Amino acid sequence: MPFQYETDLEKAATPFLDRILYKYDWQVPLYNRVIDLVGLDFDMNIIGVEFKLRNWRKALEQLQSNSNSLDYMYICIPKVNFIEKIKKEASYIGAGVLVYDYNLNTIIIEQKSRKRGSKWEPNIEYIKDYIKKGGKNGNK
Amino acid sequence: MAISNGNCLHIMLFGTFNENKYFLGDYKDSFDLIGFNANIIAHASAGMAAFISSLQNKSYFIDPQTYGFQQPLKTIMRKKNDSWEIKSSIKKLAERYGSLIKQKAGKSRLRPTQLSSDVINEVCINVLDFEFDIIQSSLKDDKKEFLDYDYTSLRPQFLISPYFYIEPDDFDNEIDANIKFCNKSTSINKYGIPLFAEMIIHKDIISDDKFVDALIEKYKECSVDGFLLWIDEFSEINSRKPFLEKYISFLGKLNTFGKPIINLHGSFLSIILSGEISLLAGVGHGIEYGEYRPVVPVGGGVPLSKFYFPNFYERVDYHPDATDILLEKNWAKNKKTYLSKVCSCNMCKSIISNNVQKDFQQYGELKKSEKNQKMYPTSEAMDKSRRHYLNTKIIEYELCRNSTLEDILKEQKINKILSDDIISHSFDHMNRWLLILENFKRKS
């Protein structure tokens with residue numbers, strides 16, 4: 001049954017996130033924006049994810065506006081027929097695509113994110129510090 | 001102080017009381033003229049009089065803001081305990097401006113057709129008297145004693161006739177009322193101070209030659225000493241080339257009167273026009289804002305940290321645009337690169353060391369509000385950002401005052417090339433301004 005809310009998608013993605021991320025937090029504030037999820041992988045890279053049920057272009061815009069603070073960035077969406085189009089647009093900004101497959105009941109990495117080169121170090125420090133302190137929700 | 005086109009006057013518009021320090025401190029001698037809104041003067045006349053006296057002979061003017069009574073009521077009212085009441089500063093102003101305005105303020109909008117000749121006479125007398133007298137009469141006697149100069153020097157540089165906002169819907173009536181205000185004000189101006197007409201104009205007027213020609217024809221009848229111009233929500237950065245051309249064409253037509261013109265809200269393009277080109281006498285802006293302004297204020301929202309890029313004459317969002325540009329261009333590599341490529345104003349010199357990213361962050365620091373949990377720029381970041389902005393604006397005015405158009409164009413070309421390959425933010429106005437100025441140079 002298709003998800004009704006973004007939080008349903010977020011909940012469904014949690015087992016996958018638990019597996020690939022060392023530590024993460026939801027709704028991480030960065031300046032006047034909020035990133036849906038920011039996590040550290042086991043190599044201490046910063047991963048940002050925006051979840052969207054419909055407006056995936058908006059998710060790409062949100063990722064792009066925070067890209068100088070992330071090593072890798074992904075949009076996470078439910079499975080759709082036009083996935084190639086999304087992958088193509090995501091690749092323009094170096095973003096990866098995570099897709100929730102209803103049949104398999106799991107997240108699939110449809111496209112890997114490219115690693116960002118130059119980053120704004122004060123933002124990186126801030127995010128690492130925020131997540132290490134457990135962030136707002138102290139997840140995982 | 002002489003006000004004539006080509007003077008490149010730096011006009012600073014006073015916004016709020018917490019901006020006092022920029023007018024009294026390091027920047028005291030940097031501005032030629034300060035503009036105050038009548039409502040702020042009416043609201044705290046004694047405090048403003050003390051403030052203006054402490055500026056010591058700094059030239060100023062008071063915008064009577066009579067258009068405010070013509071605007072939707074909501075703009076001059078505030079909600080208190082589920083009911084609307086007129087803002088106290090506007091109420092005080094209405095009480096000074098005369099019976100009709102006092103009677104209508106906060107109850108119904110003032111329309112140009114409601115003005116009998118008696119009302120026009122009364123409004124003009126009261127408005128000019130307010131502008132001329134309010135500061136002198138509000139200065140407390142103990143302050144007067146300590147002034148080492150004649151307190152009559154507290155008079156404004158010029159007076160401004162009452163006026164309506166001119167928009168296409170009621171153009172004829174609004175223009176007619178403005179002309180009557182100007183003529184009456186001229187005839188009763190016995191203060192020995194020049195009288196200016198203020199034109200607040202809707203953008204659609206500027207775009208339409210028929211309106212412009214009619215406006216010019218009408219204002220021919222006025223014998224005012226100069227013009228203040230405010231084109232509603234006109235951003236020189238965001239406007240397309242045809243509109244910018246219309247703006248310059250309008251200034252050219254208004255210049256046939258041979259009177260000084262001040263653009264109250266302008267960016268670097270207008271500053272250039274107030275230099276060798278001599279289409280304007282000066283340009284106004286506020287402390288890090290006010291290069292364009294809507295007549296009906298759009299309030300609310302969380303203020304964003306911004307950074308003024310001197311090479312591109314634009315304030316951009318601190319995150320991500322400003323930081324992205326520095327990364328893209330590799331301008332945050334070290335102190336030397338930053339100071340030579342981005343900015344070497346006193347503020348930047350004082351905060352940027354070899355850890356450019358960390359130091360630059362001082363312009364973008366935010367703090368979470370206890371009240372609503374939203375992120376706001378810290379007062380330190382705002383202060384630094386404002387000082388960087390003011391330092392840069394002062395350099396812009398000096399450049400346009402002392403350079404030929406040819407020299408300015410050379411610099412514009414270099415900066416335009418520099419902006420062309422930036423991905424993170426589009427500085428399209430650089431190309432538009434260059435095309436317009438080159439075209440202007442060719443024609444002249």
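Author: Let us begin with B:Ser278, which is found in the loop between α12 (268-273) and β11 (282-285) of chain B, where helices (H or I, at least four residues) and strands (E, at least two) are DSSP runs numbered from the N terminus. This is a predicted model, in which local features need pLDDT of at least 70, side-chain atom pairs count only at pLDDT 80 or more, and totals for chains, interfaces and linings use all residues. Residues are numbered from 1 along each chain as its sequence is written, chains are lettered from A and ligands numbered from 1 in the order in which they are written, and side-chain values use heavy atoms, with hydrogens and water left out.

Reader: Ok, and what is the phi of B:Ser278?

Author: Phi is positive there, about 60°, although B:Ser278 is not a glycine. Most residues other than glycine have a negative phi.

Reader: Is B:Ser278 buried, partly exposed or exposed?

Author: B:Ser278 counts as partly exposed, at 28% relative accessibility (buried means under 20% relative accessible area, exposed over 50%, partly exposed in between, with a 1.4 Å probe and protein chains only).

Reader: And where is A:Asn105 found?

Author: A:Asn105 is found in the loop between β5 (96-101) and β6 (106-111) of chain A; its phi is positive too, near 60°, and A:Asn105 is exposed, with a relative accessible area of 55%.

Reader: Switching topic, which residues does a cis peptide bond join?

Author: The cis bond joins B:His319 and B:Pro320, with omega about 0°, and B:Pro320 is found in helix α13 (residues 318-329) of chain B.
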